[in-house]
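Here is a friendly tour of one protein model. Keep the picture beside you as you read, and look up each residue when it is named.

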Amino acid sequence: MKQLLSGLPVLVLFLAMLFSPKAVFEGAESGLLLWFQVVFPTLFPFMLVSGLMLSGGGLVVISRIFGRLFSTLFATSPNGSFAVIAGFLCGYPMGAKVSADLVRSGRISRDEGAYLLSFCNNTSPIFIMNFIVWKTFDREELMIPTLLILIGVPAFLSLFFRRFYLKGRKKFPDLSEGKRDNAKLLNFEMLDSCLADSFESIVKVGLYIIFFSILIALPGKLSAGHPLLAGILPTLEMTNGILMIHKAAPDLTVSYPLILGLTSFGGFCSAAQTKCMLKAASLPILPYIIQKLTAAAAASLLGIVYMHVF
């Protein structure tokens, strides 16, 4: 019975794809172009460089420069500061990948990895400025409030999330204390290994984008007449979802809070990407989703307040 129930959604999806080949093609094409033209050139270089930093000793430099500051602000260990920087600046799913890599290599504890995941896997400021503020809204006056809300909300919520992971401690322990740094000089073998790991990760990200783009495209025009579908589809993939919300609700007082919430959550596609980055570190995904939904609700609420006050 369980096999029948678990196989039913896949069968429905197969039949929907079989009878809607044009929608499947258009969705796959849209997802592929989004990955190839935007995600790959934006994300792959950061994945590669972060891998080289972890393998070649760059992490030591980052931890010495930013370790004390982020330890004061976020109670992280010196090594955990790298995940904060990557997660807030590089976009999904870099915060998850760096946190998982740090846990897997023994540079931070599993508790700290789960804590970092709770607040530092976010949309990049470049995406917020270029795609949301300029391309979608075309309202430059929204630049500062949008950045403050989408960056400030997860940073503020970390004050509450950390209590579940610190377990009475003031900050997370520095696991590098008393250990010799085994970082190696940059060489072609290290570069080859980091290239392979980064390429595998970015291809997985692309495949998830293509899959969720197909799911969005399959209902086609049916979603316009079904409020439930119209509400669910934008949550599947963030970039397409933002455009769908803006098209369906031109009124800024409605679309702005909804888009802030979706961007803060990242969509289920970003959650799936995050999950695939966590396998090697065995970090749980369910608390992450709950924490992202909490951040989404807070961002939407602030968006409503901003629209009605300013």
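## Salt bridges

In this predicted model, the count of salt bridges comes to 7. Side chains of opposite charge can pair when their charged atoms come close. One of these salt bridges joins the side chains of aspartate 101 and arginine 104, at 2.9 Å from N to O. Why do aspartate 101 and arginine 104 sit about one helical turn apart? Because they are 3 residues apart in helix α5, about one helical turn separates them.

Arginine 104 reaches 46%, which lies between 20% and 50%, so arginine 104 is partly exposed.

## Aspartate 111 and its two partners

Another salt bridge links the side chains of aspartate 111 and lysine 167, with 3.2 Å from N to O. Aspartate 111 belongs to helix α6, while lysine 167 belongs to the loop between α8 and α9, so this pair ties together parts that are 56 residues apart in sequence. Aspartate 111 counts as partly exposed, at 23% relative accessibility.

Aspartate 111 also forms a salt bridge with arginine 169, where the closest N and O atoms are 4.0 Å apart. Arginine 169 lies in the loop between α8 and α9, and aspartate 111 in helix α6, so here the parts tied together are 58 residues apart in sequence. Arginine 169 is partly exposed, with a relative accessible area of 33%. Elsewhere, salt bridges with shared partners join Lys97, Asp101, Arg104 and Asp197 into one network.

## A second look at arginine 104

Where is arginine 104 found? Its place is in helix α5, which covers residues 94-104. The side chain of arginine 104 also makes a polar contact with the side chain of aspartate 101, at 2.9 Å.

Now compare sequence with space. Arginine 104 and alanine 280 are 176 residues apart along the chain, yet their C-alpha atoms are separated by 6.7 Å.

## Backbone angles to look for

Most residues other than glycine have a negative phi, and most peptide bonds are trans. Aspartate 138 has a positive phi, near 55°, and is a residue other than glycine. Aspartate 138 sits in the loop between α7 (125-137) and α8 (143-166). Its relative accessible area of 61% is over 50%, so aspartate 138 is exposed.

Lysine 167 lies in the loop between α8 and α9 (188-217), and counts as exposed, at 58% relative accessibility. For a cis peptide bond, look at tyrosine 92 and proline 93, where omega is about -10°. Proline 93 is in the loop between α4 (80-89) and α5.

## Asparagine 121, on the inside

Is asparagine 121 buried or exposed? With 0% relative accessibility, asparagine 121 counts as buried. It is placed in the loop between α6 (110-119) and α7.

The side chain of asparagine 121 has polar partners. At 3.3 Å, this side chain reaches the backbone nitrogen of glycine 95. At 3.0 Å, the side chain of asparagine 121 makes a polar contact with the side chain of threonine 274.

## Cavities

How many cavities of 30 Å³ or more are there? The count comes to 2. The largest cavity has a volume of about 50 Å³.

Which residues line the largest cavity? They are Tyr92, Asn122, Thr123, Leu150, Pro154, Thr263, Ser264 and Lys292. Two elements, α8 and α12 (252-265), each give two or more residues to this lining.

## A nonpolar patch on the surface

Finally, turn to the surface. Leu8, Leu11, Val12, Phe14, Leu15, Leu18 and Phe19 form a nonpolar patch there, and together they have about 730 Å² of accessible area. One of these residues, valine 12, lies in helix α1 (residues 2-19).

How values were computed:
Residues are numbered from 1 along each chain as its sequence is written. This is a predicted model: local features need pLDDT of at least 70, side-chain atom pairs count only at pLDDT 80 or more; totals for chains, interfaces and linings use all residues. Side-chain values use heavy atoms; hydrogens and water are left out. Helices (H or I, at least four residues) and strands (E, at least two) are DSSP runs, numbered from the N terminus. A polar contact is a pair of N or O atoms within 3.5 Å; within protein, one must be able to donate a hydrogen and the other to accept it, and residues adjacent in sequence count only if both atoms are side-chain atoms. Patches are made of residues with over 30% relative accessible area and no salt bridge: like charges are joined within 9 Å, nonpolar side chains (Val, Leu, Ile, Met, Phe, Trp, Tyr) within 5 Å. Accessible areas come from the Shrake-Rupley method with a 1.4 Å probe; for residues, only the protein chains shown count as cover. Buried means under 20% relative accessible area, exposed over 50%, partly exposed in between (1.4 Å probe, protein chains only). On a 1 Å grid over the protein atoms alone, a cavity is a set of points where a 1.4 Å probe fits but cannot get out, and a pocket is an open set with protein on both sides within 12 Å along at least five of seven lines; lining residues have an atom within 4 Å of a point. Grid points are joined across faces, edges and corners, and a volume is the space filled by probe spheres set on the points.
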